Amino acid sequence: MTEAPVVRLIEAGIFERQVGFRFPFRFGAARVESAPQAFVRVRIVDDSGHEAAGWSAEMMMPKWFDKNPTLSPDDNVAQLRASLHLAIESLRAAGAQTPFGLHAAVEADHHRAAAGEGLPPLVASYGLALVDRAIIDAACRMKGASAVDAVRHDLLGITNATAPDLAGFDLTGFFSRLEPSPRLAVRHTIGLADALTAADLAPEQRLNDGLPQTLEEVIAAYGHRYFKIKVSGRPTEDLERLIAIAAVLDRMVDGYRATLDGNEQFESADAAADLLDRLQKEPRLSRLRRSLLFFEQPIARAEALSKSVAGLAQRMPLEIDESDGDIGAFPRARDLGYAGISSKSCKGFYRALINRARVEKWNREADTSRYFMSAEDLTTQSGLALQQDLVLAALVGAGHVERNGHHYVDGMAQAPASEQASYLAAHGDLYDGASGRVRLAIKGGELAFGTALRAIGLGLSVEPDWASMTASS
């Protein structure tokens, strides 16, 4: 392997493909039935004139990046488009740098520019994350390397330039020792509105599309052992919901593990503690209680990092997700009592790797395993977005990854048949085409994606069908 290339971003375009859901998805109090998926295509050139193209994709999900109730779903999507355009402008003006050098040169200015446009930190992160990933993909193709090799052999030029708290930590050495697994367990999301048993579905709600719909059916079809349970911030209602969920899990799954996701619905640490106290006292939840790994983002981002959560953290390890708006969020959260942080491609490939290095550094210094990183989903869609996210989850050593995009969307139904066929041919370990439609292949509760880890580029061997998309303005 050679050193990281010095490159310039010379071309970038944004495209969209609308994605309809099988049934509505709830983010806290919001219900979402469809959303566009953004695709980014870039071209870079190195100092010898060699050019390469790269791609990335991510859902433009309303009501997560900014939960302001006065904004419509269309307003939320417009915010994400604006962030993408700001990121492209910044990176094109950054001149010639290593791939990570481009990111480091613009990150702070991009966030300031986004804030000047009224865009919150997570929205700002989205735009930079997508363009970064496309540049990483292009740099890997330029060097004929997989993303795994690029990270392990320092072909991206990652330094502590954006994370001075890692001064003295051997980032290059740490990354060189990463051993991503080609298999990950799938942590199934049990949404607030999801049916648990057939009795929960009215006849008119039954889809009859060949895919599982209730929690019972999902477990029977995929063999899940890991689950992510959404809670609403209303302890009395949440307790009843958890009892109903536990009744299914206890009956159908041996040795399951689960996480709780508050999605910012608890007004305070005391409210979250109320739920955990009720959970502790309820005998019907004894197995579920023993299975719980951590509590994700219980408190709204406006308050989550404003005061210590040490008392709540004594009951269960706490993780930030929506509060992870910039590269400095994890150290701030750690000081307040949080132990974990989520990896999501929509927040940043580099941010996840740097936060994983922080986990390693902090645990090593304290001779503990307290600090952790999990891999979470944002209705990530099969194909480009999903494969790039799986590579990142494997690189950070997640072990299991939340996946829900396949449950709310019927496979690659939004992509042309030729594109679906290309994915099945190139990544047959990850997909199944027996139904006549290419769908994610979850077997024994796991995904196999060795072809994505080995692919030249960031996770895939298939170029999207750009003609089937709409150019974004």
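Analyst: Start with the largest cavity, which holds about 120 Å³ of space. Its lining has 17 residues, and the closest to its centre are Arg 17, Gln 37, Gln 381, Ser 382 and Ala 415. Keep in mind that the model is predicted.

By residue class, the lining of the largest cavity splits into nine nonpolar, six polar and two charged.

Now the second largest cavity. Its volume is about 70 Å³. The lining consists of His 103, Glu 107, His 111, Ser 125, Leu 128, Ala 129, Asp 132, Lys 347, Gly 348 and Arg 351. Helix 2 (99-116) and helix 3 (121-143) are the elements that supply two or more of these residues. Helix 3 gives the largest share, four residues. Here the classes are two nonpolar, four polar and four charged.

Across the whole structure, the search finds eight cavities of 30 Å³ or more.

One further part of the interior deserves a word: strand 11 (residues 400-403). His 400 and Glu 402 point one way from this strand, Val 401 and Arg 403 point the other way, and all are buried. Strand 11 pairs with strand 4 (residues 183-190) in the parallel sense, over four bridges. Within this pairing, Glu 402 is the bridge partner of Arg 187.

Note on methods. Residues numbered from 1 in each chain as written. Predicted model: local features only at pLDDT ≥ 70, side-chain atom pairs only at ≥ 80, totals over all residues. Heavy atoms only, no water. Buried < 20%, exposed > 50% of the residue type's maximum accessible area, 1.4 Å probe, protein only. Pairing = 2+ DSSP bridges. 1 Å grid on protein atoms, 1.4 Å probe; cavity = no way out; pocket = protein on both sides within 12 Å on 5 of 7 lines; lining within 4 Å. Points joined across faces, edges and corners; volume = space filled by probe spheres on them. Nonpolar A, V, L, I, M, F, W, Y, C, P; charged D, E, K, R; others polar.
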